[in-house]
Amino acid sequence: MYRSAYYCILYAVVTLSFQVHSQEALKTEFDSYYNNASLSFEQKEDSIHLLLKNTDTLLNTYELGYVYHKLGLLYNRNKNYKKAIQETLKAIRIRNILKDINTKDLNNSLYNTYIYHKALGKIQKGKFFLEQVLKNKGTDRFNFKVLIELAILSMREGDYFKALQYLEPVILSSDIYKDQRILALGHLSCLEAYSKMSTPHKYVDNVYLHKEQIESLEDYILTKEVADMHTNLGTVFEKTNKKEDAIIHYNKALSLYIEAEDSNNIGTLYNNLGVIHSKKKEYEIAKTYYAKALEINESSIKKADVYYNLGFYLQTDDPKEKIKFYQKAIYTALDQTYNSSDNHQLPTIHSFKNFTYKPDVLEYLTNKANAWIEAYYQENNKDYLLYAKETLYLVDKLVSLIRLDSELDQSKLFWINSGVDSYMLAVEVCYLLQEPDEAFYFMEKNKALLLLENLDKRYKQQKLDIPDIILKQEKGLLEKRIALRRSLLEVKNNIELQKEFVKVDHEYTMFLDSIKGKFPAYYTKKNEPTILPLKESIEKHVSKDAYFIEYIINKGAGYGIFCTEDRKILFKIPKVPELLQQIQFLKQELSAPFTTKEAFQKYRSVSFSVYEKLFPFIEKANEIRFKKLTIVPDYELHNLPFSALAVSDVDTGFKLDYLLNYTETVYLHSASVFQQIHKTTRKNTTEIVGFAPTFFKNKQLIDLERSEEEMKSYTSFLPMSLYVREKASKKACLLSLKNTSIVHINSHAGYTKDNTPWLELYDDKITLNELYDIENNTELVILDACKSAQGTQEMGEGIMSLSRGFFYSGTQSVIASHWNVNEVATNEITHTFYKELKAGKTKSTALHTAKKRYLKTHQLEQTSPYFWASITLTGDDRPLKISNNSLLFKIGIGLVVAVLIVIIVYRKKFSII
């Protein structure tokens, strides 16, 4: 009775007041209800709705936007998130109209709408509102809070490097928004991203940097966030095998979570401590922690992780017991029911479409497959291999799903590396089942997949006819962003530089967003690149005179497929750890001449042992005599010129029996990459351009006095345009790549401090990263420079070398060197190569002939592989059309034309007289 009387009086008062109410008074009136602590939620709600009923809500005013925004907050406090969204959307509509006056308020409403969607578990719907904030190009604190939220979402999806990219403006531009709380959250999020990576040891310096910054901002972070910091530090120490340090940080985090009564994170810490004690082989202590974790955890994914660890560290001789736990972990994470008596049951790939924790389940599935293989070795039950293979096909699809959702090449590379072990397991299964075609598929998925994706992207550019101006604009914005980032790392507290960085970051993000609408097939369609089947690869690379071989290898195992017209041999490489040690020895020996008979003999013995391991199916080298051999190497085999292997262990003094004497070799990144290279359209040209800087603007580099003379000698029999000294500039080189058949660069190559390869021209370097973005239509690039085939080794992708960079940008084949070459020997081989190429020989035949001729015409130490084996051909092998018009011929034609002109002029003169 009293409640209804209250509402009657309230209604009368509010109605009377609105007879003279104005928009200016709306905010004040609203606040009087909103901030009145004596009113219940229901009373506030009714009062505000009566207020709005008597207000002209058709007027889009600042005050009305304020009311709807705060009303959203009121519903949020009462956990009525649907109503909160409904009211805040009204605020957004009004504030969007007024955004030219106040963007910050609009961004506030957009950010809150995401938070309300997040509370409802509708994160993808809410993400739309975060993206709208970025489109507003503001520099208020909500813009930077949005970047942190987008980083967190990227981490959940496994795109850790994208997360770090989102966080860069937060970390580098704190002078703009001047909010230490946001800066602290930015550093906390960076630390979390590094902790989630499988190789945090690569980023330990960054981890400590963020830790120091967080500690300096301790007044701005909550107790729970301090606990999060210790959790992430514990994870980093655990992954870097510093168990005691990990335990210290985990225990610090645990006590803070207990103090905050944070049950989910308490469960996480119990699980983490269980893992640490399992690794220390303290299994009873570990079990206690796992039991506590299961008891307290409410989150499905956190429970799943406990089940996975119980299986992984289970002390049993029966791998099928482990599988039970892995199965429970998989289906618990997905919130799906399953038949516990059918442990080979698998979820469909569609189950993962909108699933956030794909990386976690990926690990569960991989170890389940490994356990099936262990079970096969114990019981010799072929069904277990089939279960393992089916699981590994699902792993393959899941890795692809995560990789294709990643935007940055760094993230894609991370997931390619993460898939390496599963592909080796899959090949092992196929070997045991003797299924070479399926083994080949998994080998190809383990080879240069990032390179293949980018070649596919280049092909789409051509097919969709995307205007050059758009591609150049994208490239320009990206380069500008990178340059500003570097400047900010060097120059601290420069607010103008920070503003420019944020502006360019916004422009780049918005530019990509705008062109996604114009070219969706290129920018948003996420298709797995085509993997060439073994049958088609054989059709392309195998004939009566040509064989094909592909390898997959890691630190513990290796396999290969050797193909002739009538045979497909899937074989296992014996003694892989020993093989890898031997390859390291050969790399060292190949980098210098052999000066004694003993050195030749030692090299012969080790290289013959390597040959036998890599070709265990060949009884005598004569089986491949006079055949071309197309080789797809892997891991450390990328560093090995196969032609320098001894195929006999018979003591022949200084003259070793090299594979070079039996077969010519050509290398591929993968059969699928080779196929993709041929799809791209290129301009028809027979032109050859040479570059010989001879001396350099960078005076720290030594002059190459012979290079100019050597390059000039080619012009006597080749249609080569030659750029020497100052004319051999970076700009001229990049321009020549657009419309030239062969580009030959005789110069220096090396590495930056962060191991990025570079190639020097007269005035500047071309780095590997720059090569990724250039326009390149060449058929052959000759990198006449030391170690141009070398670079950082990335598991599952290959060597990040200059050679790779040219392929990435579009060339069809590259000749590059593995070590510091001997200039005289290399020039001799190159001369013969060009003459053979001009005579119509294929590239591999021309290079093979040149090396054999060198070996035949030299004696003793000059026959060391150091002199002739360094340069190798990778890519397309087809012959090239080279015009017979040498420079002298062109000069002769020019003189004839000049004489004819003189004669004509002379005759005209006398005919007039």
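This is a predicted model: local features need pLDDT of at least 70, side-chain atom pairs count only at pLDDT 80 or more; totals for chains, interfaces and linings use all residues.
Q498 is in contact with L172, S173, S174, D175, I176, L488 and N493, once residues up to four places away in sequence are set aside. Q498 belongs to helix α26, which covers residues 495-518. Its relative accessibility is 3%, and Q498 therefore counts as buried.

Let me now turn to the chain as a whole. The chain contains 39 helices and 16 strands. Of its 913 residues, 55% are buried. The C-alpha trace spans about 115 × 100 × 45 Å along the principal axes.

Apart from residues up to four places away in sequence, N108 touches H69 and F142.

The next item is a pair of helices. How are α8 and α9 oriented towards each other? Helix α8, residues 141-156, packs with helix α9, residues 160-172, at an angle of about 170°, and their axes are 8 Å apart. Angles over 145 degrees count as roughly antiparallel, and α8 and α9 are therefore roughly antiparallel to each other. On the α8 side, the contact is made by F144, L147, I148, L150, A151, S154 and M155. On the α9 side, Y160, K162, A163, Y166, L167, P169 and V170 take part. In terms of residue class, the contact of α8 with α9 comprises 12 nonpolar residues, 1 polar residue and 1 charged residue.

I continue with L191, a residue of helix α11, which runs over residues 180-196. With a relative accessibility of 0%, L191 counts as buried. Which residues does L191 contact, leaving aside its neighbours within four places in sequence? They are V207, I214, M229, N232 and L233.

Helix α16, residues 283-296, can be checked for its length. Its 14 residues should span 20 Å at 1.5 Å a residue, and the end C-alpha atoms are 20 Å apart, which agrees. The buried residues in α16 are A286, Y289, Y290 and A293. Viewed down the axis of α16, these fall within an arc of 100°, so they line one face of the helix. The face turned away from the buried side of α16 carries E284 and E295, which are exposed. What, then, covers the buried residues of α16? The cover includes α15 (263-279) and α17 (300-312).

The corresponding check on helix α30, residues 597-614, runs as follows. For 18 residues at 1.5 Å each, the span should be 26 Å; the end C-alpha atoms of α30 are 26 Å apart, which agrees. The buried residues of α30 include A599, F600, Y603, R604, V606 and S607. Also buried in α30 are F608, S609, V610, Y611, K613 and L614. The elements that these buried residues pack against are β1 (546-553), β3 (568-572), α29 (576-590) and α38 (865-868).

Most residues other than glycine have a negative phi. T694 is not a glycine, yet its phi is positive, at about 70°. T694 sits in the loop between β6 (688-692) and α32 (705-714). Is T694 buried or exposed? Its relative accessible area is 7%, so T694 is buried.

R725 also has a positive phi, near 50°, and is a residue other than glycine. The loop that holds R725 lies between β7 (720-724) and α33 (730-736). R725 has 37% relative accessibility and therefore counts as partly exposed.

Finally, T767 is in strand β11, residues 765-767. Apart from its neighbours within four places in sequence, T767 contacts T756, P757 and W758. From T767 to D105 the C-alpha separation is 44 Å, and these two residues are 662 residues apart in sequence.

Conventions:
Residues are numbered from 1 along each chain as its sequence is written. Side-chain values use heavy atoms; hydrogens and water are left out. Contact means heavy atoms within 4.5 Å. Axes are lines fitted to C-alpha atoms, for helices over the stretch in contact, and angles run from 0 to 180 degrees between N-to-C directions. Helices (H or I, at least four residues) and strands (E, at least two) are DSSP runs, numbered from the N terminus. Angles under 35 degrees count as roughly parallel, over 145 as roughly antiparallel, 65 to 115 as roughly perpendicular and the rest as oblique. Ala, Val, Leu, Ile, Met, Phe, Trp, Tyr, Cys and Pro count as nonpolar, Asp, Glu, Lys and Arg as charged, and the others, Gly among them, as polar. The expected span of a helix is 1.5 Å times one less than its number of residues. Buried means under 20% relative accessible area, exposed over 50%, partly exposed in between (1.4 Å probe, protein chains only). The arc is that of the directions from the helix axis to the C-beta atoms.
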